[in-house]
Amino acid sequence: MARKVCSFCNTTEKEENPFIAGNNVYICSNCVTSAYKILFGEEESGSFDQEATTLLIPKEIHRMLNEYVIGQEGAKKTLAVAVYNHYKRIFKNNFDNETNIDKSNILLIGPTGSGKTLLAQTIARFLDVPIAISDATNLTEAGYVGEDVENILTKLLQAADGDVDKAERGIIFIDEMDKIARMGENRSITRDVSGEGVQQALLKIIEGSVVNIPPKGGRKHPNQDFLQIDTSNILFICGGAFDGVEEIIQRRLGANQLGFGQAKRSNRDNANVMHLIESDDLVQFGIIPELIGRLHVTATLEPITLEDMIRILLEPKNSIIKQYQKLFEIDNAILTFEESALKSIAQKAINRKTGARGLRSIMEESLVDIMYELPELEGYEVVITDDVIENGLKPIYIKNSKTA
């Protein structure tokens, strides 16, 4: 029997591309879809050629990250290369049947507030791909109260406005991965509801498979139809602080000698050994080997220093200081900060150990009384001193005719 060949594109019939037969002619389903879009003026938004023309190279990704993320140069470079390789694999692969390029998911390790979530959000915004952010501590095994692992894909589909093709090239960021480490001998003996079981459930979607998901979530809408999402081209970025893994690294390096100076030496060296982390260290921490094997790229983030915190306040395009200055500008007032005030805000954030995410709460606490009177401060420059931050005193008000 002669092989069927599409009369338009000359391709042979395949299971995933069935033919429609006419009078001694055939047309494949791909050509039918293309013809429909041409006739009705719909663009192929998922076109590989179209997406490939906008693919950013690592230096461009790194440069754009610099506009929003201060410091963390090593993590930004690693992330830029990994993201470029991932989308190059999708959009520029020649589909050589002999060489299949596997995807490389990413693990970000760093203290809370060091910029893990911001890095993922910024990359997704620049690449114009949907992103779903989930907290691993909210995930539970099937059958327990909590959020099913598959609901992460539902969030991504919602972020893609229901476009399955777009969702299948999106980014999923899972934070607090260290909180689902499996139970060990020195951990709680309570049932591991959101520990190893969740890690096992994550394996399937992270590795790349076709998953049936309920578009509106599974537990509140049990009778809805399921959609199929192929996770093979979804980039998974996992993040966590992994507090305590430093000691595991030091023991492996032979730094477990006894002595009165040991605690002091460990505290000083903790940040310096994180870049030496290996898969075995994470396994000993409590992440199952199968999951580690699917997180191929590891980037470590450094603790934020006082100088970095001040730069975070001032330099990013959407910095906290610029945001509050804009709020004052809307009311025709000018907001300025003395250098000592900036240092006080940064030091407070470091003392609270909340990282950069704690800056906004400190600003709100310090400026709430001033912003209460803001509508009446038209034509004034409001100068924030360290006494405002440290002691709650009033700022310096300067009448400025330029704002009147």
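**The largest pocket**

The largest pocket has a volume of about 1,300 Å³, where a pocket, on a 1 Å grid over the protein atoms alone, is an open set of points at which a 1.4 Å probe fits, with protein on both sides within 12 Å along at least five of seven lines; grid points are joined across faces, edges and corners, and a volume is the space filled by probe spheres set on the points. Its lining, meaning residues with an atom within 4 Å of a point, comprises 50 residues, of which T112, G113, S114, I304 and G355 are the closest to the centre. Two or more lining residues come from each of α5, α9 (245–252), α10 (262–273), α13 (306–314), α14 (320–330), α15 (339–352) and α16 (359–372), and α5 gives the most, with 4 residues. By class the lining has 20 nonpolar, 18 polar and 12 charged residues, with Ala, Val, Leu, Ile, Met, Phe, Trp, Tyr, Cys and Pro counted as nonpolar, Asp, Glu, Lys and Arg as charged, and the others, Gly among them, as polar.

**Model and overall make-up**

This is a predicted model, in which local features need pLDDT of at least 70 and side-chain atom pairs count only at pLDDT 80 or more, whereas totals for chains, interfaces and linings use all residues. Residues are numbered from 1 along each chain as its sequence is written, and side-chain values use heavy atoms, with hydrogens and water left out.

The protein has 17 helices and 12 strands, taken as DSSP runs (H or I of at least four residues for helices, E of at least two for strands) numbered from the N terminus. Of its 404 residues, 42% count as buried, that is, under 20% relative accessible area, with exposed over 50% and partly exposed in between (1.4 Å probe, protein chains only). Among contacts (heavy atoms within 4.5 Å) between residues at least 6 apart in sequence, 65% join residues at least 24 apart.

**Packing of α13 on α15**

The axes of α13 and α15 come within 9 Å and cross at roughly 115°, the axes being lines fitted to C-alpha atoms over the stretch in contact, and angles running from 0 to 180 degrees between N-to-C directions. On the α13 side L306, M309, I310, L313 and L314 take part, meeting L342, K343, I345, A346, Q347, A349 and I350 of α15. By class, this contact has 10 nonpolar, 1 polar and 1 charged residues.

**Buried positions in helices**

T122 lies in helix α5 (residues 116–127) and counts as buried because its relative accessibility is 0%; leaving out residues up to four places away in sequence, T122 touches M64, L65, Y68 and V69. In helix α6 (residues 151–159) the buried residues are N151, I152, L153, T154, L156 and L157, and these pack against β4 (131–135), α7 (164–167), β5 (171–175), α8 (196–207), β6 (210–213) and β7 (227–230).

L203, in helix α8, is buried, with a relative accessible area of 10%. Beyond its neighbours within four places in sequence, L203 is in contact with I288, E290, L291 and R294.

**Positive phi angles**

Most residues other than glycine have a negative phi. N332, in the loop between α14 and β10 (334–337), has a positive phi near 60° and is partly exposed at 36% relative accessibility. K353, in the loop between α15 and α16, likewise has a positive phi near 60°, and K353 is exposed, with a relative accessible area of 70%.
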